[in-house]
Structures are given as C-alpha cells and as structure tokens.
Amino acid sequence: MLGFCILPFEAGRRYKQTMLPGKTDNPADWPATRVLVVDDDVELCELVQQYLRSQGFHVDSVYDGTTGVANALSNSYDMVILDVMLPGIRGFEALRQIRAKSAIPVIMLTAHGEDVDRIVGLEIGADDYMPKPFNPRELAARIHAVLRRTTAGASKESPSPAILCLDDIRLDTRARIVHHKTRDVELTSVEFELLAQFFKSPGQVLTREELVKNALGRDLEPSDRSLDVHISNLRRKLGSFGDDTERIRAIRNVGYVYVVSNSSP
C-alpha cells in the first residue's frame, strides 16, 4: 500500500491530485535543501519527489538500506526520509549506521499503528517519524520543522546568549555543541532543543504541550509518546548528578522540569 493519505473511495487520478501544491503553498518560503528519500516503494518515492520539489526542495530517491546509508553519509544531503521496511538492511539498522558517523536529520516512515517501530526509531536517534499513510503537506511541514531546529544555531541575530551553563553542562546554542565535564555529548536536533528549553527555564516546570511545540515544532498529539522517548534519550546521554538524582524529572500529567543541583551557585 502506498504511503499517502487518501480517502478509500477516491480514484487513482484523485490520488495524484493530492500531491499538487495548495494555493497557500509558496516554494520561496522553503529552504533550498537536499533531501534523500530511502524507500523501496518506487511510486511513493516519485510522488514524494513531485510534491517536495514543488516546495523548492532538491530530492533524490534510493530503494534499499545499504545504498541509503552510503548516500546519507556522502555529505550531499541535509535531510533523510527513511522507511523502516527496506530490502537489504532494515531501516533501523540503516539508522544505526548513519548515527554512528553522522548527525544528519532523519525522519522515519513507519507502518500505521506500529507504535513500537516509532519508539525504536526515536531511541536509535531519529529526529521525528511519520506513520503511513501520510499527507504530503504534513511530511513537508515535519521536514521544515526539523530543518528549522538544526539551523537555528546558525543565526547570528539571535538575542539569546550563545553559551548557556548549568551545573556541569555547557551548551553552545550557535555551534550546537553540548559539553559535560571532559566530554562532548552527541545530541539529535530534538534533544538539543529540549535541553536548550530546559536551560532557559531551570527549576521551572515546562508543560508537555510547550515542549513539543518548541522542540518538535508541532502540536502535541493524543497518545504521542515521542516526547517521552526523546527525554529518556537525553537523560541517558547527560547522566545523573553525582548523588544519582535525575537531571530531568517528570511531573505527572503536566510535563518535565530540569532539576537544579544543590551544589549549583
């Protein structure tokens, strides 16, 4: 089954019509970035290419995991759209190989209703996911949100301080580097943005709604566990305080708070 969202009674010609840009779409508003689509569904890839190109993106497609990894690591692309089910190596293994060498943003495509696939992808290091079937406009919006996060630090006009320090963590918002004691901490774009949100409001409870809005660039969806997975990954990478206290504490039915250490000045 193809991965775009259409009503069951629509004919094939109506299916392709969903790919046409709407009146409010303006290609000039989208960055001229290169996107790699890795999916063995050739027709789906063609339709994704057609729509994203209408939005100003440069798009290439490959149809197996091994080629996808090689192309993703070629430094020729700004974003990867990676399907879970692939010939050769599956999408999860492809993502592991990519993450071992690159922080390139990755959006996973998962089967509809497969929550386990989404969680596993996020745990491995995906920046976001899209369940199939999906609306091409939403895919474009997700790409735009992820790219906005990853390029936010490049802006020279940000009024916020470039360096944020809290306890034993140092965060450089422009270079997008996190340093803990004697080591650099490799974070995905979402994890970095979440940490930046916490550093701007240490000791304050941030709601799930505002964290998802500011870090993922979208509204919180019912039963969406992606925020919890990203927080879990962030906790693991940062480690706890010396007394084993978690740096990020969950506030039941509300959100999360970055705990200020008792040793902080």
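**Close-up 1. The open four-stranded sheet of the predicted model.** The sheet is open and antiparallel in its pairing, with its four strands in the order S6-S7-S8-S9; strands are DSSP runs of E with at least two residues, helices are runs of H or I with at least four, both numbered from the N terminus, and two strands pair if DSSP finds at least two bridges between them. Strand S6 (163-166) and strand S9 (183-185) form the edges, each pairing on one side only. On average, neighbouring strands of this sheet are turned by 25° against each other, direction ignored. This is a predicted model, in which local features need pLDDT of at least 70 and side-chain atom pairs count only at pLDDT 80 or more, whereas totals for chains, interfaces and linings use all residues. Residues are numbered from 1 along each chain as its sequence is written, and side-chain values use heavy atoms, with hydrogens and water left out.

**Close-up 2. The pairing of S7 with S8.** Four bridges join strand S7 (residues 169-172) to strand S8 (residues 177-180) in the antiparallel sense, and Leu171 stands opposite Val178 in S8.

**Close-up 3. Helices lying across the sheet.** Helix H7 (residues 189-200) lies across S6, S7 and S8 and runs at about 110° to S7, while helix H9 (residues 226-238) lies across S7, S8 and S9 at about 175° to S9; angles run from 0 to 180 degrees between N-to-C directions, with axes fitted to C-alpha atoms, for helices over the stretch in contact (heavy atoms within 4.5 Å).

**Close-up 4. The buried residues of helix H4.** In helix H4 (residues 91-99), the buried residues are Gly91, Phe92, Ala94, Leu95, Ile98 and Arg99, where buried means under 20% relative accessible area (1.4 Å probe, protein chains only). They lie on the same side of H4 because they cover an arc of only 160° around the axis, the arc being that of the directions from the helix axis to the C-beta atoms. Their cover includes helix H3 (65-72), strand S3 (79-83), strand S4 (106-111) and helix H5 (115-124).

Methods: Buried means under 20% relative accessible area, exposed over 50%, partly exposed in between (1.4 Å probe, protein chains only).
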